[in-house]
Structure formats: structure tokens, C-alpha cells
Amino acid sequence: MDNAVLTVLIAMLGGAIRVSTPFMFVALGETLTEKSGRINLGLEGNLVLGAMVAYATSYLTGSPWLGVLAAGMSGLFLGALHGYICKLPKVNDIAVGIAMMSFGTGLAFFFGKPFIQPQAPKLDSIPLGDWTGNPALAQALQVNPLFFVGIFLAVAMSWAFRNTKWGLIVRMTGDSAASAKAMGVSVDLVRFLATAAGGFLAGIGGAFLSLYYPGIWNQGLSSGQGLMAVALVIFARWDPIRAIFAALFFGAAGAIGPALQAVGITSGYYFFNAAPYILTLVIMIISAGSKASARDAPGELSITK
Amino acid sequence: MNDVPAAKGHAPSLQAIGMTKVFGPLRALDDVSINVDAGSFHALLGENGAGKSTLVKCIMGFYSGDKGQVLLDGQEVSIRSPRDARANGIGMVYQHFTLVPSLTAAENLVISRADAPDIIDWGKETRALAAFMDTMPFRVPLNAQVSSLSAGEKQKLEILKLLYLDQRFMILDEPTSVLTPGEADEMLGLLGGMAARKEITVLMISHKFREVKAFCDHFTVLRRGRFTGSGDAKTVSVADMSAMMIGDTPIRERSGRVQSAGGRDVLELAGVFADDNDGASVVKSVNLKVKAGEIVGIAGVSGNGQSALVEVLSGQRPLADGGIFIRGERFEPNRGAYDKFKVFGLPEEPLKNATVPKMSVAENIAFRSFDKPPVAKLGWWMSPGPMKAKARDLIARYRVKTQGPDAPIETLSGGNVQRAVLARELSGDVDVLIVANPCFGLDFASVSEIRSQIMEQRNKGAAVLLVSEDLDEILELSDRVAVMSGGTINYVSKIEDTDRNTIGQHMAGH
Ligand SMILES: Nc1ncnc2c1ncn2[C@@H]1O[C@H](COP(=O)(O)OP(=O)(O)OP(=O)(O)O)[C@@H](O)[C@H]1O
Ligand SMILES: [Mg+2]
């Protein structure tokens, strides 16, 4: 029995490390965008398009890291488009986001058809667990470098929001456009840049999906991770570090179902597969109801206004 | 742009000549000129809607004027945005705060600098800020989030920001309306001293003659968008200044206090508790009864729980414990109960708390009646005709200065928003009236008018709860005074048995 518990825990650790990365990137990108006072619900589109572009680039050039970069650029393009359209008068960022989601996935499916069959070179991982002598643990501790990049980015962002001029300007724009204008800051420009940069990060999240885990390209690759990650931002109360923990938590919860099955507990399999969604919902209800979360929300977001 | 800011290091002079600004059909400014000497403390006077804010916003480059030029130290400067104004050493404290709520005071200060470093060395900045604060006569907690500061602290921080940025031509739009008289005197005294030493030049919009007489040396008056006079603030009498402000419009006679025969208790607060947004208790066990035909004034320094209490009464904040009773029945603050018990109210900051800024004046005035005849038939079919007719009538009766019933209420001047809300709340049959700082930012004619309205409601038999930070207002209107300090009421007295000093001591928590 002890062994089974251990198995499940190791599986959850592995899940947290493997599954969390795309969530991290999308959630960090969305945190940046929302901190500037705009919501981009379309990051699911960036994720899927990023996955396709990364896979195609890796296949055509043979370099997976070039694929990651290309995925970022495709996300940058979608984000910039969102940012540009929202600058036009009387445009609602949420509606544009939903349109961009369909646009991004549509583009990916359209251009991605020829790349479903071929095998593209994948990203390598760093074996961090070989010394343990435990094959399950070693397997769980196969870590992709992007995982560390994500954590580093979160720390950097959290630092930058407090200690750099640009960080403060983004927060100011997101919290009080009137103050930003009174200070001569171009609110539209700041939001445009923040949305484009956020889109870039979401694109990289997509590259992880197609080039590492699950490491294929097809139309069912993303099951709404992009949307879920946007929700995680609220859950993490617009804090990059908390976004990382939220992503890890979500990844770990997602591993519960398969791991239980592996140790022979099959009843409630579908229920446990839904665990991450249920847990997130529960935690969101608890935390969103708290007054602290209302205070952390950037004042200019169209959902809080 | 002028890359040598003319204003650095000494007090500049400023002239604005022939300023004109048109909003649609309204000439908000019509060929107005103003001359502010170096090192002077200049007052800009005028009734609500006279165009004072519009004039200074044109000088600041917030609005582009339709005509006019600005001279700084005798040289023409072109100011097209607040950024240009800042580069020229012109800074302003707006009627509405422009601090960023989620940043700390220190972050607000540092980021407001044009030369804010790309990477902020907080160790160094904190030391510099502390050294700067040491030279200032008032201070603000630097590491607190601005949203957690009181209105008075925010106002101080706005002014500190101008000094920190070395903006030596300072425009203040009603800077003392959120301060206690003591704080206001302290701040104006300091600014006056700096002006006298020719370190800064101040242009201040104010409705308070007392401050103008005590601290200003010159004044300029606007009326309906035109220049109507200027002079030496020390020698010209208040009567002459007010004549320039209102022309020959008669001021409404104050309504007298009718002796009431001690009505029944109407409004009762029984052990009311409330929490602030972080869950800390800010209103603690408040017990108070208000009779019909009585005004009970709640005095207190801002931030002692009064706003939370008003929010509880207006249904914006949940009651943590205790109860509110009207004529012995429990009162749950919701729309139905407001109607049933005929409870009306004027909360503070009406643009934020009592209106929908982007909706029209007529719609805002109809909030209490849009689902009743004649505006609505069968309780749901709204006819805009009667709604507008009623709005026109109220706009005329309460002299709300607006372009018309269809103008969005946010385009009204500060004082006129207040009047529109009052028109909505007082035009019906009132049993209980809850007012918070009703004369905040109003010119003297409106103050007189609104206090009369409140007194009239009392004379007609309404139970009035008046929460005010203005002690003069409390002393003028109340039948009984209660003092709130630290979230509780620590003193209640009939107005004839108390005086300003006793109340002041209890306000300070003794
Ligand atoms: N953005 C705007 N659009 C249309 N009209 C406006 C706008 N801003 C101000 N006005 C109008 O211009 C006139 C002057 O307003 P202003 O705010 O300058 O008055 P004020 O003298 O500052 O009054 P108060 O003492 O009440 O603050 C008012 O009638 C107001 O309704
Ligand atoms: Mg004004």
C-alpha cells in the first residue's frame, strides 16, 4: 500500500513538472497583459498556432530550438494583432480575444495539415533523477529546460514589476489609465506592447506541447489549456510567482487520474481526470470570493470595472 | 520643446492670455486672461461650473484650448500635453486623485519622475525619499499602498509629489476639500511660506473665502466662462469678491429652524458593527437614535469609521452585527426598503457613489423613479418623455448647470453633479435622510442652498442623519451632535449644551 501511495505521489510530481510548463507560459503572458489593463482571452489560439509553427519549423530546419523561437514569433504576431485591434475606438478586448482564439486555431489547422504525419526532432530533457536509482523517480525528474526558463521568467517578472521603470509603468497603466495619461504615458502603446509580449510567451507554451510533451502535432493537441491558463491568472491573483504554483498544482492534479489507474484503482477514473478542473473551480470560488483578490485585480480590467 | 525648463530653481510667473475652450454648444471659457506673478499665491474663484477647472486644464495641456497662449516668465511656451507642462515645471493637483491606487506611495513618487531610472535601486531611492521627507512638514507612510491611505493622506501625497518633482508652478484644484481645517492651515501655511521665499508660485482654486483671505495675495474671478475681476486678496472684501462671482443673482435666504415638538424616534442604529475590506472592524457598536424633525450631526476626523457607517446605511457595505430599525421595523438597505421607508441619501463623492457617470443627467435623476408612473407604465415600460420632462423641471428647480438633460453626468462640474443627485433625492416625500459631506466642493451660494434644503426636510418632519467633516456645518445644522472616533460614538449632546471646543476634544479621541 505504501508503495502505491509513493507511486501516485511520484506520478503527481512528474505530472507537475511535465504538464505545468505550457500553463506557466500562457499564464505568465496573460499576467503581463492583464497587469497592463487588458484581457486577452485568445491565448488558446496562440498556444495552438505556436505548437504547429514550432513543429513545422523543427521538422523543416531540424532544430527544435528554432521551432521554439518561431512559435514565440507567431504568438507575438497574434498578440500584436489583438493589441492593435483593441486600440481602435469602441472595441471590446474580450470579444476580440474570442475572435483571436478562433483565428489562431483556424490558422494552425489550415497550415498544419501537412505536418500531422511526419516526425519532427523534439526538445531534449535534462535527466535530474538518475542518481536516485529509482526508475519511476528518474522518469519523473526528466525536466525540460523550458520548465526552468518559465520559473526564471516568473521570478524576473515579479522582480521587474517592483523594481523597474517599465514594470511600474505597466502596473500604473493597468490600474489607472487616467494617472498614466496625466503622466504623459501612452496607455495604448503600453497595452499593445504588453499584449504582444504576452502573446510571445503563450506561443512558446505551444512549442512545449508539440516538441516535448505530448510531443506530437495534431488538431486535438490542446484541450483548452490556453483558456484554463487564463483562468489561472485570476486564481493566482495577478502574481507571476503564484502563477507558477498554480500551474504546478494544476499539473499535479492532472496526474492523479492516470496514476490511480496505474496502481489499480479504476473506479472513478473519469472523475479523477476531471480533478484539476474541479479543484481549480473550488479554489477559484474560495479565493475569488475573498476581498483580497478584489484588491489585487488591476483597476482597469474590463471585468472589474 | 523648451529643453531648458525655465522654472527650475526659482518661482516662475505665468500669464495665460485669451484662453477659449468650447465644448459642443457650450463656451466653457470665453477669452479669459489671468496673470500670476512670480512667488505669488493666487486664488482662482468662481461658482460651480464657472470654468475654473477647464482653465487650469487648458494651461496644463490636458485639454487643447481653442484659442489662447501661455507665457512662462514672459516667454511663450507651447504646452500640448501634461508631459510638456511637467517639462516646464508646471504641476497640478486635480480635483480627482491621480495617484495609482495599487502602487505604494514611494512607487508613485519615483515613477512620476521624468528621469526615473530603468532599474530602480530601492535602497538608494528610499534613502533619498526619506531625506526629502525630512524637509517636509507633513509626511505620508511611504511603503503603504495608496489605496489604503485616507483622503487626507492622498492629498498630501499629491502635493508632496509636486514638490518632489520640483514643479515650481503649482496648480491646486480645491486642495483642501479633503483635509481637516487644521491640516489645511498647516499645508497652506507651508506653501504660502515657500511662495513668500519665491521658491514656488501657486495658483489655487478654492471655494473657501477664509483660506483665500488668510493665505492668498491675489485673486482672479470667473463667471460663466468669462473673466469678471481680479485684485489684491488682502484688501478686497469678501462681499466684493462674491459679487464678482455671482453677479446680481440673489442668494437663497437660509431656511430657519422651526421648533419641533420632539417627534418620535424614527431611525435607530442598534449596536452596528462593520468591517473594512480587509476584515478589520472599523465601525464598533454604534448606537444612535434620530427623531422625526431632528438633525443629528456626526462629527469626526476623516477615517474614523464615518464613511463605513454611511456605506452600511446605503447598502454598500454589509452589516457585520447589530441592526438598523426604522419606526421599530428592521430595515435592510435595499431598493425596496428604501421606497417603503422613504429613505433617501446623499453619499460622499457622488460621481462615484451615487451616479452612473456615462449615463445622461435625465437618466441619473430618474434612478429613484424609473419603474413607477409616470415614467414607467405597468412597472416596466419606460417612456423617455415624462422622464425628460421631470428632469428638466428638476434641473431648473435645483439650478443644475448642464448642457441639457441628455448630457452625460460626468461632463458636469463637480458641484453640479452634487446638485443633480440632491435634486433626485430630495424631490420626493422624505422620512429619513442620510447625508454625508453634502457641501464638499460647493461654492458658497450652493452651500447655502443645500443646507437650506436639508433644514427644510427637517422642518417638514424628516429624521436627518448628517455625517460631516466640516464642524461649522455640524454646528449650523444639527439639533444634536454625536462625535465618532475610532469607530465608535464617544460623545452625544444637544447642540445648545455643547461648544466647538468640547466637540473638538472628543474628535481628537478624548
Ligand atoms: N469634458 C467636458 N465636456 C463637456 N462639458 C464640460 C466638460 N468639462 C466641463 N464641462 C462643462 O464646462 C463648464 C465648466 O466646468 P468646470 O469643470 O471648469 O467648472 P468649475 O469652475 O471647475 O466648477 P466646480 O467648482 O464645480 O469644480 C461646466 O458647465 C461643465 O459642465
Ligand atoms: Mg472644478
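Which residue of chain B forms a salt bridge with A:Arg171? Let's start there and then move to the wider views.

**View 1. The salt bridge between the chains.** A:Arg171 pairs with B:Glu107, with the closest N and O atoms 3.2 Å apart. A salt bridge here is a Lys or Arg side-chain nitrogen within 4 Å of an Asp or Glu carboxyl oxygen, and chains B and A have one between them. This is a predicted model, where local features need pLDDT of at least 70, side-chain atom pairs count only at pLDDT 80 or more, and totals for chains, interfaces and linings use all residues. Residues are numbered from 1 along each chain as its sequence is written, chains are lettered from A and ligands numbered from 1 in the order written, and side-chain values use heavy atoms, leaving out hydrogens and water.

**View 2. The contact between chains A and B.** Chain B brings 25 residues and chain A brings 19 (contact: heavy atoms within 4.5 Å). Together they bury about 1,900 Å², 56% of it on carbon and sulfur atoms; buried area is the accessible area (1.4 Å probe) that two parts lose on being put together, summed over both. In chain B, the most area is lost to chain A by B:Val100, B:Ile111 and B:Asp118, together 23% of what that side buries.

**View 3. A pair of parallel strands.** In chain B, strands β13 (residues 294-299) and β20 (residues 463-467) run parallel and are joined by five bridges; strands are DSSP runs (E, at least two residues), numbered from the N terminus, and two of them pair if DSSP finds at least two bridges between them. B:Ile295 stands opposite B:Val464 of β20(B).

Definitions and conventions: Helices (H or I, at least four residues) and strands (E, at least two) are DSSP runs, numbered from the N terminus.
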